[in-house]
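Dear colleague,

I am passing on a structure for you to look through, and below it you will find some notes on what turned up. Please keep it open beside this message while you read.

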Amino acid sequence: MAGTVMSAASHNRMMELTPPTETIRTGHDWFDEAAMGLFVHWGIASVRGDTELSWGMIEDRPWDDRDAVSAEEYWGLAEEFDPHSYAPDRWARAAREAGMSYAVLTARHHDGFSMWPTEYGEFGVAENLDGRDLVGEFADACRRQGIQVGLYYSPRDWHHPDYPGSPGSYGELPDEVPPTPEGMAERESYHRYVTGQVEELLTRYRPDLLWFDGYWPVETSGDAELYDVVRAADSEIVVNDRGGASILGDYQTYECDFPERPPSEPWELCQIWTGGPGGTWGHVDGETYESHSWTVDLLARTVGWGGTLLLNVGPLSDGRLPEGARDRLRKLADWHAANEPSVRDVRPGPWPPQCDRPVTRSADGRVWYVHLLDRTSGRVTVRNVPEPRALTVLRDGTAVPFEYERSRPSGGGAVRVELPVDGVEALDVLAVTWDDPPRDDPDGLGRPR
Ligand code: GLC
C-alpha cells in the first residue's frame, strides 16, 4: 500500500505548487455547490465496539498495535452483526438538515464484508443477514431525503481468497516477483471480482459519487480497466482519486490533514470526527465527538479554501447513530439554518488572504462572508478592498459598526470591526456587501508579510 499511497501524496504536492484559482469546479454542479457531506463508516467491527473497522484485524500493522484481534475472530463478527434499528432515513435527514449535500456509506471496506447482496464473493449480507440490502436501503433513503448518494468501495479485500497477499493480512504481492500461472489465475479471478462488484454497485444503485479507497492492490493495468468499467456504467458519476494510479478522479482527497495552502484543483477533506488519541472511523465505545466550534472552524477553513468537508460518523452495530454524532449534527443544523449562504454554492476567499478569519464569497462576488469562529473579541480587518455598502450579521441582518480607512487612490482600504459588538455571537458570520465585486487583491496588499 505504501507505494500507491505515496504516489497520490506526491500528486497532491505537485498540484499544490500551482497557485489556487478564483473558481475551482469539477463540472458536477451538485458537488461544486456542496459544502459538506456525511461519511458513514459502518460494518461488522462495530459489533465489538473496541476495534477499528477493518484495521482491527491486521495484527502486523507496524504503526499501531491498538485493538488488534485475529482475522478469524474479526470475521466471526459477521454472525453477530444485527442492524435491527437501521433506519437510514434518520441518517440522511440529519445530514441534510446539517447542511450536507451527500452521504457516503462503506459499501465494502477493506475487511471484505459486502453490505449489499452481491453476486460476487461469499462474505456479506447475503450470507449473514438473509440478504438484507443495507446499501439499497441507504441509497433509497438518501434520495427520499433529497441528498446525493455516495458509495465507498475498497478495491482491496483482506478476506477474499484471491487477494494478492494472504487473506487477513495487510501484505501485498511484491511487484518484482513474476506471478506463477497459478498466481496469474488468482489475479484474474480477483480482478473479475472487483470489477464485477463495482459494475453491480453502479448499475443497481446508480450512486452519484463513487468513493474508492485503498488503491488497486498490485501494479497491473487493473486500475485502468476498473476506471473504464466505472465510466462505461455511468459517465456522470463523480469519482474520487483513490482507485489506483490511473484513476486521478474528479477531485483530490485529503485525509484528516488540512492542506498547507489552497489546492488548485477541486478537493475534499475527509475527517474523523471523534477525538482522543488517533480517533477512529468506525464506532468504538467511549469515543467523544469533537466540539461544535471545532467543526464550524474546520468547515469555514475548508470551504474558504475551495474544498468540501466529508465528516465521518461511525454508527453502532444496531444501526443507530451514537448520541455524540446526533448531538453535533443537530448543532450543525442550527448553525446551518442561520448561516447557509456563507457555505453553500460559494467561491473560496481571496488568495493571498485579505483577512485573518476564514472568508468565502458569494457566487457573484458581491458579498464576502467573514467567519468569526469563537473569537468574539479583538479586531477583525478585511484589507485592500473598496468601502463596503453594508456590514451585517448574516444570522439576523443586524448592522455592525465598522471603520473604513482608505489607503490607496486605486480604491483599496481596510474595513475594521472592533469586537465585542452587541448582538454578535460566537460562530457568527459577518456579511460584507459591495455594489460591485471587489477585485482580487489589486495592489498585492493582502499578501501576508
Ligand atoms: C484510510 C483508512 C480507511 C478509511 C479511509 C477514509 O484510507 O485506511 O480505513 O476508510 O482512510 O478516508
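Helices (H or I, at least four residues) and strands (E, at least two) are DSSP runs, numbered from the N terminus. With that naming, P420 is found in the loop between β15 (413–419) and β16 (429–433), and the peptide bond that leads from L419 to P420 is cis, with omega near 0°. Please bear in mind that this is a predicted model.

In the loop between α10 and β9 you will find D345, which has a positive phi of about 50° although it is not a glycine. For background, most residues other than glycine have a negative phi, and most peptide bonds are trans.

Turning to the helices, the axes of α9 (residues 292–304) and α10 (residues 323–339) come within 10 Å and cross at roughly 55°, which makes α9 oblique to α10. The crossing is right-handed, and the contact is made by H292, T295, V296 and L299 of α9 together with R328, K331, L332 and W335 of α10. By class, this contact has four nonpolar, two polar and two charged residues.

Finally, there is a ligand, and the residues around it include F39, H41, Y152, D213 and C270.

How values were computed. Residues are numbered from 1 along each chain as its sequence is written. This is a predicted model: local features need pLDDT of at least 70, side-chain atom pairs count only at pLDDT 80 or more; totals for chains, interfaces and linings use all residues. Side-chain values use heavy atoms; hydrogens and water are left out. Axes are lines fitted to C-alpha atoms, for helices over the stretch in contact, and angles run from 0 to 180 degrees between N-to-C directions. Angles under 35 degrees count as roughly parallel, over 145 as roughly antiparallel, 65 to 115 as roughly perpendicular and the rest as oblique. A crossing is left-handed if the near helix is turned anticlockwise from the far one by less than a right angle, and right-handed if clockwise. Contact means heavy atoms within 4.5 Å. Ala, Val, Leu, Ile, Met, Phe, Trp, Tyr, Cys and Pro count as nonpolar, Asp, Glu, Lys and Arg as charged, and the others, Gly among them, as polar. A residue is near a molecule or strand if one of its heavy atoms lies within 4 Å of it.
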